[in-house]
Amino acid sequence: MTVLTPANPKTAEKIAVGREAVLSVAHLTMRFGGLTAVNDLSFEAKAGDITALIGPNGAGKTTVFNCITGFYKPTEGMLRLAHADGTVHLLERLPNFAVNRTARVARTFQNIRLFPGMTVLENLLVAQHKPLMRASGFTVLGLLGLAGYRSAERAAIEKAKAWLDRIGLMERADDPAGALPYGAQRRLEIARAMCTDPVLLCLDEPAAGLNPRESAELNALLRHIRDAHDTSVLLIEHDMSVVMQISDHVVVLDYGCKIADGTPDEIRSDPKVIAAYLGVEDEEVERVEAEVGIGHGEAGA
Amino acid sequence: MADARTPGLPDILRDAGLYALVAFGLCIPIIAYRTDAGPTGLELTPRWKLVAAFCAAIFALRVVQRLILARRDARRALTPSPAQATEAVQGEPDAGQRVSKLGLYAFLGVALTLPVIATTASGGLGPARYWIDLGILILTYVMLGWGLNIVVGLAGLLDLGYVAFYAVGAYCYALLSTTFGLSFWICLPLAGLFAAAWGMVLGFPVLRLRGDYLAIVTLAFGEIIRLVLINWTDLTGGAAGISSIPRATFFGIPFTADETGFAARFGLEFDSMHRVVFLYYLILGLALLTNLATLRLRRMPIGRAWEALREDEIACRSLGIDTTTTKLTAFALGAAFAGFAGSFFSVRQGFISPESFTFLESAIILAIVVLGGMGSQVGVAIAAVAMVGGPELLRNLGFLSAVFGEGFDPNEYRLLLFGLAMVAMMVWRPRGLISVRVPSVSLGERRAISGAHVSEGHG
Amino acid sequence: MSVAGINVLVEETRARQAAAAAPLLAVRDVSTYYGSVAALRGVDLDVGEGEIVTLIGANGAGKSTLMMTIFGAPQARTGSILYAGQDITRLPTHAIARLGLAQSPEGRRVFPRMSVFENLQMGASLHGGRYFAEDLERVCTLFPRLKERLQQRAGTMSGGEQQMLAIGRALMSRPRLLLLDEPSLGLAPLVVKGIFDAIRDLNRRDGMTIFLVEQNAYHALKLAHRGYVLVNGRVTMSGTGRQLLDDPAVKSAYLEGGHGAAAGA
């Protein structure tokens with residue numbers, strides 16, 4: 001694990017070998033009063049990877065997300081985000097809307113936060129606020145009905161349509177987001193985050209409440225995001241069929257500290273992770289699984 | 001199992017008995033004894049029969065109410081609104097909610113031709129004055145309602161001190177025209193800018209507040225402005241206000257009887273009503289401008305950001321929307337329209353004083369927005385007609401004095417009726433007259449969104 | 001025959017017996033509407049005394065609506081719901097809760113500004129706290145995490161911890177029939193196992209009847225005596241947990257990770 005010196009990001013860039021880290025978390029600590037939610041956490045998410053953050057409930061995973069996305073100011077530590085062109089953003093110094101606007105980190109929420117009274121299409125257009133705002137001359141020119149804004153809006157709608165097509169919600173583009181079924185809301189929230197053209201997409205339990213089939217669709221969507229867009233993915237998830245199948249790298253947290261860090265296979269067999277998080281499959285379960293011919297955690301298939 | 005459906009009769013009787021007991025307790029100090037000044041001091045006249053009648057009436061009313069409510073609750077429980085759905089059920093999406101434009105056209109048609117209608121109906125410009133004045137009053141409130149709608153209806157920020165910006169606009173015109181002799185047409189945009197600046201001033205400190213706290217601070221702001229106007233006597237003339245504010249001119253041509261006046265220039269016979277009709281169309285134009293701007297803004301990224309802010313502020317920030325500037329623009333724009341309306345108010349009245357900018361005005365404007373259906377332009381217009389025009393109707397209900405006896409002035413019960421109407425509205429249409437939201441953009445046919453899904457904002 | 005096989009047989013027999021006697025909860029031809037949209041269309045379902053019954057189905061099939069309808073919010077527009085022989089279709093929710101039904105609703109719904117301890121007290125209020133100490137001990141054994149956080153405000157806990165609290169609170173009322181809506185949602189694998197074990201224990205040891213809605217259909221069906229499949233507000237299939245697990249249609253729709261679907265997408 002390369003630890004970056006906060007004072008000199010340039011040296012840090014030299015240290016990084018092979019694929020660059022899109023996000024480097026160094027010595028992150030977050031305290032709420034007397035409670036230390038995250039304690040001296042360091043890890044890296046490589047560009048083009050899907051990195052999973054797992055751990056028991058209350059281990060501080062969402063707190064890490066909130067620090068990365070600017071909703072919390074970390075007590076200590078450095079969060080360094082590198083773009084492909086070499087620009088570096090120190091996330092802990094940005095006001096929280098700028099984490100998305102300038103550093104281009106997008107996120108979803110554990111308890112879905114859509115704009116329920118706006119249509120599916122509108123949800124995706126709100127996400128394109130920044131380019132549209134610029135095209136509308138910060139509202140002034142757009143009010144006069146200039147052509148520049150209209151073509152920008154058309155382009156934004158086209159982009160939204162492409163995502164609607166991808167997540168299979170084209171039919172429901174004009175329905176309020178609040179009327180969508182749960183699984184569709186999850187997908188829409190991801191598409192909305194992707195409409196901000198993020199470098200890093202942070203997903204907080206995207207598979208919670210999805211059935212196995214929907215989880216599989218989610219896997220396909222996330223793979224598409226990783227492969228077809230310049231977006232790296234960081235996700236928190238408890239559904240091992242998602243974590244083990246699609247992540248390139250797994251970081252395990254317990255009581256705010258990192259207890260393991262490695263590939264899915266390494267993590268699966270790590271005794272510490274099994275003790276704190278995964279648990280042992282009891283024999284009966286495995287035997288019945290074999291009989292029925294399906295697997296619960298049949299990862300890496 | 002009909003017993004399970006309705007609460008048992010013993011239950012209802014016990015409950016009603018309790019009500020009667022409370023009524024009895026309240027009656028003892030208030031009704032039970034009448035005090036008369038007798039020769040030996042106060043004389044008490046017991047009125048136990050009256051007390052008994054009161055308690056019996058309360059008992060009976062409560063029983064009736066419970067029976068009606070029980071039936072209604074049972075019916076309601078059977079047909080919960082889609083908003084109560086615990087999951088998005090796979091049914092037909094809300095169909096058939098076509099956007100009705102009929103209301104808008106009807107409103108526009110009547111508004112544009114009101115002077116003509118009033119003149120023909122009452123047989124001359126002079127007698128039509130009452131109706132045109134009423135039209136001006138209503139349109140002022142329509143404009144204020146539409147302006148506040150940006151802040152409350154779109155951005156979801158509860159503003160109880162809106163009248164402060166109205167006052168800023170009014171005093172802006174009054175002071176600029178009386179001291180510097182600036183014309184109305186120069187002062188109008190200045191008043192808007194000034195009010196917008198004050199909107200920002202209010203906006204900054206309250207940005208972090210939400211809900212009740214925001215409402216209280218905006219309320220306080222409204223009162224501060226009014227108190228400053230009363231106490232800064234050197235500038236504002238204090239409670240006496242500012243009088244002889246220059247009248248509106250027809251783009252520089254005054255409405256006077258002499259030969260440079262409007263009537264002479266256009267070869268008309270002089271009539272003081274020309275000015276009133278001009279003012280009517282002026283406020284109509286201003287109101288429509290407010291409407292047009294709001295409708296345009298809703299389709300712009302800033303308008304969508306306002307609505308998104310109302311729906312979920314945290315999600316907004318996660319999408320890179322600077323909620324601070326977004327809220328400030330909402331405050332500033334809403335305030336600017338109040339500023340325009342304010343300067344119109346002072347050019348029409350020719351006299352202004354802090355009396356005109358009390359909290360009640362803010363409350364009425366807010367009530368218009370809430371009754372109309374937050375975010376709905378047509379709803380606000382209808383509500384303004386009802387709220388401002390309604391009390392005027394009361395003046396004409398002469399027959400009521402035949403019922404309630406001589407000396408009964410229905411106008412005195414204005415606020416009481418007002419309150420009752422509000423309560424009734426909140427019971428029957430808790431989301432306002434027009435509770436659907438029209439999406440700002442759509443791929444297919446534009447369908448309104450049921451108010452059940454739309455948030456009302458939390459501050 | 002293996003021990004597990006015998007267990008399955010025993011469970012099946014028990015299920016048959018339970019179904020023969022009057023069920024503890026009987027849902028008869030229930031339809032529920034939101035506005036004009038039908039969420040449930042003529043659902044029939046039995047939960048026998050001492051059974052674990054699982055309801056599976058896709059998102060939006062009406063599973064949560066059925067849970068809520070049993071609890072009277074919303075009420076069924078047609079049909080009837082009988083609990084221990086009593087018609088509870090038109091009873092208000094609080095009256096239903098007093099009859100010994102408890103629910104861990106979807107979306108957690110803990111009291112966010114009250115401490116964990118106070119939340120659990122609220123759950124125990126039905127019995128005036130008579131068994132409080134004992135039940136608290138049980139919940140704390142089940143969720144050691146809650147024990148660590150008894151004095152913390154519930155709203156400041158993580159999502160998974162709130163889920164534990166919601167289940168714990170439901171248990172505190174010592175229900176005769178426990179309704180669980182997606183108890184495994186957002187919980188770590190180890191905790192999920194703990195919860196399923198606990199459900200089994202509550203059922204076997206304390207004889208608690210449990211009606212379970214789960215996305216984690218495989219585990220839920222394995223645990224259950226009987227199961228129902230809900231599709232678009234209708235029960236399309238029912239049987240013992242084992243029968244459903246072996247059913248090819250159920251397997252492809254609800255159990256498999258859908259590799260075919262993944263490849264096709």
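**Note on a predicted three-chain model**

1. Chain A is divided into domain 1, which covers 1–104 + 199–301, and domain 2, which covers 114–196. The contact between these two domains takes 10 residues from domain 1 of chain A and 10 residues from domain 2 of chain A.

2. On the side of domain 1 of chain A that touches domain 2 of chain A, helix H3 (96–101), strand S7 (200–204) and helix H9 (212–228) of chain A each supply at least two residues. The largest share of that side, 3 residues, comes from H9(A). Sorted by class, this side of domain 1 of chain A has 6 nonpolar, 2 polar and 2 charged residues.

3. Turning to chain B, there are 18 helices and 4 strands in this chain, and of its 459 residues, 40% count as buried. Among the contacts in chain B between residues at least 6 apart in sequence, 73% join residues at least 24 apart.

4. The contact between chain B and chain A takes 35 residues from chain B and 35 residues from chain A. On the side of chain B that touches chain A, the elements giving two or more residues are helix H12 (301–311) and helix H13 (313–318) of chain B, and the largest share, 7 residues, comes from H12(B). The residues of this side of chain B divide into 16 nonpolar, 9 polar and 10 charged.

5. Chain A also touches chain C, in a contact that takes 36 residues from chain C and 33 residues from chain A. Several helices of chain C each supply at least two residues of the side that touches chain A, namely helix H7 (159–172), helix H8 (189–206), helix H9 (217–223), helix H10 (241–246), helix H11 (248–255) and helix H12 (259–264). By class, this side of chain C has 18 nonpolar, 10 polar and 8 charged residues.

6. Within chain C, strand S1 (residues 25–34) and strand S2 (residues 37–47) pair in the antiparallel sense over 7 bridges, and Val30(C) stands opposite Val43(C) in S2(C). S1(C) and S2(C) form a hairpin with 2 residues between them, and in the turn Gly35(C) has a positive phi of about 60°.

7. Chain C also contains an open sheet of 6 strands, in the order S6-S7-S8-S3-S9-S10, in which the pairing is mixed. Strand S6 (101–104) and strand S10 (234–240) of chain C stand at the edges, and each has a single partner strand, so one side of each is left without a neighbour in the sheet. From one strand to the next, the twist of this sheet averages 15°.

8. One pairing in this sheet can be followed to a particular pair of residues. S6(C) and strand S7 (residues 177–181) of chain C pair in the parallel sense over 4 bridges, and the bridge partner of Leu101(C) in S7(C) is Leu177(C).

9. A helix can also be placed relative to these strands. Helix H2 (residues 63–70) of chain C lies across strand S3 (52–57), S6, S7, strand S8 (209–213) and strand S9 (226–231) of chain C, and helix H2 of chain C runs at about 150° to S7(C).

Notes:
Residues are numbered from 1 along each chain as its sequence is written. Chains are lettered from A and ligands numbered from 1 in the order in which they are written. This is a predicted model: local features need pLDDT of at least 70, side-chain atom pairs count only at pLDDT 80 or more; totals for chains, interfaces and linings use all residues. Domain bounds come from an automatic or database domain assignment. Two residues are in contact if their C-beta atoms, placed from the backbone, lie within 7 Å. Ala, Val, Leu, Ile, Met, Phe, Trp, Tyr, Cys and Pro count as nonpolar, Asp, Glu, Lys and Arg as charged, and the others, Gly among them, as polar. A residue is buried if 20 or more other C-beta atoms lie within 10 Å of its own, exposed if 12 or fewer, and partly exposed in between; C-beta atoms are placed from the backbone. Two strands pair if DSSP finds at least two bridges between them. Axes are lines fitted to C-alpha atoms, for helices over the stretch in contact, and angles run from 0 to 180 degrees between N-to-C directions.
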